[in-house]
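Work through the exercises below with the coordinates open. Each task is followed by its solution in steps.

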Amino acid sequence: LITGEPGTGKTQTAYYIAHKLDLNSVIHFQVKSDSRAQDLLYYFDTVRYFHDAHFNQGQLPEKEAYVERRALWLAMESEHPRVLLIDEIDKAPRDFPNDLLHELERLSFTVPQTNQRVKENKKMRPIVVITSNSERQLPDAFLRRCVYSHIRFDKNILEKAVESRKDEYGPLNPDLIKLAMRRFLALRELNLNKRPSTAEFLVWLRLLAMATDASDLDLALKQDLSKLPYLGVLLKNSHDIEQLSK
């Protein structure tokens with residue numbers, strides 16, 4: 001379970017794990033406000049099943065043909081170990097984490113429509129990465145089953161991220177990048193409702209790199225924080241922008 005403010009790289013951690021361990025592509029399940037635990041396991045097309053049964057002269061079709069394997073099932077039956085990403089679990093309904101306790105702990109479940117029992121291949125056990133923006137507290141019983149890590153904002157990591165993407169900021173000389181970083185960090189030190197993240201800073205640098213006149217950009221970055229160019233890329237809260245201008 002990985003937490004941290006939005007834009008710190010929680011989702012990318014799953015892809016980094018897959019890359020470092022030389023695994024196949026990540027199986028990405030994006031949690032939504034109406035997600036159910038079953039959505040992670042399988043989908044049974046009830047409408048199509050009854051439609052076909054109606055036009056099949058009373059002979060019921062085989063239910064197996066109407067079962068679609070979903071993320072956890074695919075990860076469990078993969079021929080190679082996979083990384084399964086359950087992204088932003090705190091967006092789900094309240095019961096979603098609790099409904100997955102058994103399935104995630106034992107990696108087994110039953111499809112009631114077909115009575116099929118799905119079990120993991122112990123040699124191919126998937127690595128399950130779960131991210132949360134901590135918008136709400138997860139159940140204690142769920143947390144007990146997780147290895148927990150929090151990604152905190154770190155200036156050194158920010159510098160490494162900029163260095164690794166320096167080709168994207170070609171027109172910006174190192175001094176301008178350092179100046180932009182100082183202004184960004186100054187923003188983060190303010191009492192904001194939503195502080196800008198690493199991801200937003202990287203986007204901001206790409207926009208600054210589009211400026212053709214370095215001297216004008218240098219002056220713009222040295223102005224009051226409320227007059228920084230492309231401020232809307234960094235601040236996404238109207239109250240924060242209003243307070244900054246005051």
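Start with a burial check: Phe184 and Phe201 are both buried. The model is a predicted one.

**Exercise 1.** Classify the ring pair formed by Phe184 and Phe201.

Solution. 
- Take the centres: they lie 4.6 Å apart.
- Take the planes: they meet at 35 degrees.
- Apply the cut-offs: stacked needs under 30 degrees and edge-to-face over 60, so this pair is tilted.

**Exercise 2.** Classify the pair of Trp73 and Phe109, then locate both residues.

Solution. 
- The structure has eight aromatic pairs.
- In this one, the centre-to-centre distance is 5.7 Å and the planes stand at 80 degrees, which is edge-to-face.
- The pair links distant parts of the chain: Trp73 sits in helix H4 (residues 71-76), Phe109 in strand S6 (residues 108-111), 36 residues apart.
- Relative accessible area is 1% for Trp73 and 2% for Phe109. Trp73 is buried, and Phe109 is buried.

**Exercise 3.** Which side chain of opposite charge is nearest to Asp240, and what does the Asp240 side chain reach?

Solution. 
- Locate the residue: Asp240 is in helix H13 (residues 238-245).
- Check charge: the nearest opposite side chain is Lys194, 8.0 Å away. Asp240 is buried and has no salt bridge.
- Check the backbone: the Asp240 side chain reaches the backbone nitrogen of Lys194 at 3.0 Å.
- List contacts beyond four places in sequence: Leu192, Asn193 and Lys194.

Methods
Residues are numbered from 1 along each chain as its sequence is written. This is a predicted model: local features need pLDDT of at least 70, side-chain atom pairs count only at pLDDT 80 or more; totals for chains, interfaces and linings use all residues. Side-chain values use heavy atoms; hydrogens and water are left out. Helices (H or I, at least four residues) and strands (E, at least two) are DSSP runs, numbered from the N terminus. Buried means under 20% relative accessible area, exposed over 50%, partly exposed in between (1.4 Å probe, protein chains only). Lys and Arg count as positive and Asp and Glu as negative; His and the chain ends are not counted. A salt bridge is a side-chain nitrogen of Lys or Arg within 4 Å of a carboxyl oxygen of Asp or Glu. A polar contact is a pair of N or O atoms within 3.5 Å; within protein, one must be able to donate a hydrogen and the other to accept it, and residues adjacent in sequence count only if both atoms are side-chain atoms. Contact means heavy atoms within 4.5 Å. Rings of Phe, Tyr and Trp (its six-membered ring) pair if their centres lie within 6.5 Å; planes under 30 degrees apart count as stacked, over 60 as edge-to-face and the rest as tilted.
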